[in-house]
Amino acid sequence: MLDLKFVRSNIDVIKEMIRNRGYDLDISKFEALDLQRRQRLTELEELRYRRNVVSEQVADMKKKKEDASGVIAEMKEVSSTIKEMEKDLPQFVEALEQLLMFIPNIPHESVVVGKDEKDNPVIRSWGDAPKMDFTPLPHWEIGENLDILDFTRAAKLAGTRFALYKGQGARLERALINFMLDIHTKEHGYTEILPPFMVNTASMTGTGQLPKFKDELFKIEGWDFYLIPTAEVPVTNIYREEILDEDVLPIYHVAYTPCFRSEAGSHGKDTRGLTRQHQFNKVELVKFTRPEESYTELENLTRNAEEILKRLNIPYRLISLCTGDLGFSAAKTYDIEVWLPGQGLYREISSCSNFCDFQARRAGIRFRPKGGNKTELVHTLNGSGLAVGRTVVAILENYQQADGSVVIPEALRPYMGGDKLISKKE
RNA sequence: GGAGAGAUGGCCGAGUAGGCUGAAGGCGCUCGCCUGCUAAGCGAGUGUAGGGCGAAAGUUCUACCGAGGGUUCGAAUCCCUCUCUCUCCGCCA
């Protein structure tokens, strides 16, 4: 959410930004609504002022044993008017807030203005595609051949977009989670968090999943619980409505959680394999920083995520999302895309964003600067470090061999009981 | 699930026969003084959000004592509902 006063005095900047992002959002009502709201608020506050003054008079008169019944009768009228106006005002506040909630974040000046993913500039690439003298298979075939992935039975258990991992497959997923958590906690200085996997409406609103992205969420029937679509939600909301000491910043958190997404808008897309599931595992990096250092922190966070792929020796490229492809709350986003030889394409495995104060404003996450007493909003950042299921995809496709077996990346072997190879059991 | 206690400012903690209590006191923090350094001491200041006026510093008004309703001229204080925390009992991974 943007600052109301900022929007009020920069309405043209906002309109241009909305255009650059390719959003279809009409904010022409904003000014009138804002004005109406303020007028009514002023009227109401004047009446309340009067009530307060007269109430004091009543207290005085009673003390002096004077008759206050005339004033009291008059105030009865005023009070009922106040009550009516108090019932009336929230409509305007809510309407304005609704409008404000649907205005996306302002992209950083370094973000390229573009239409869609074709306009995303590549920032850098790392690693070489493995040389294969055979036709590489997509991971779902590799996994099913090795009997470590079973999509048919997963569909029986739950439905489409679910996976059943078996044996070395299940272990590989678990190994990756530990591998990633260990690097981020021991080497990159993040504090591990294990949060609830369900959160309430207030949390979903705090990070911006609600109200705009309601359709993407799974809700528990009869409860104010939503399954989290990413650890970003519970972890960012840890400090919701809090004022932090400046000393504690920056805060680095890393959390492993499963993520649950309806994938409502992607019917028929990526229907095969692990790529797009209703439930998947992710290790998420979250940062809370001072405003002036958030862009440096974004670079660091992105490199922390890249480091995982370097250790696993998986080729990838880093792209920067253009205005047309940028997420609603983000001011700047880097996507890390891994090379998948089995499918012959690059696939997003991590998305690292700086939200600046956009999430913090809505969630009320502030800090008190040393020396000053005015509170400021923190900047929030997050990025996948990494999506675990897609990392399995990348390993299977990049480390596959002609005989159908899959070499386990060296860095991961300590987490796989020393095994070097996943091969078919005879 | 049953019985009871509680929720106040960045933190701790006063405040119920409703009326200058935005809220005592303490801690913390900021500025100044003092001390050779450290520690201690002294003085002043220090909530959040929103509106009006002001170029700004600022000033003024309104709201906020877990949340939402109600009673009243007037509610942190009375009533109702909800949420959360704690203690005891029961049940359970």
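Is Ser262 buried or exposed, and what is its relative accessible area? Ser262 is buried, with a relative accessible area of 14%, where buried means under 20% relative accessible area, exposed over 50% and partly exposed in between, taken with a 1.4 Å probe on protein chains only.

The structure is a predicted model, in which local features need pLDDT of at least 70 and side-chain atom pairs count only at pLDDT 80 or more, while totals for chains, interfaces and linings use all residues. Residues are numbered from 1 along each chain as its sequence is written, chains are lettered from A and ligands numbered from 1 in the order in which they are written, and side-chain values use heavy atoms, with hydrogens and water left out.

Ser262 lies in the loop that joins strand E6 (251–260) to strand E7 (279–289); helices (H or I, at least four residues) and strands (E, at least two) are DSSP runs numbered from the N terminus. Its side chain reaches the backbone oxygen of Asp215 at 2.6 Å. Setting aside neighbours within four places in sequence, Ser262 is in contact (heavy atoms within 4.5 Å) with Asp215, Glu216, Leu217, Phe218 and His278.

Gly159 occupies the loop between helix H6 (151–157) and helix H7 (167–187) and is buried, at a relative accessible area of 17%.

Ala363 belongs to helix H11 (residues 358–363) and is buried, with a relative accessible area of 1%. Beyond neighbours within four places in sequence, Ala363 is in contact with Gly206, Arg240 and Glu241. Between Ala363 and Thr236 there are 127 residues of separation in sequence and 8.6 Å in space, C-alpha to C-alpha.

Key: Polar contact = N/O pair within 3.5 Å; in protein donor to acceptor, adjacent residues only side chain to side chain.
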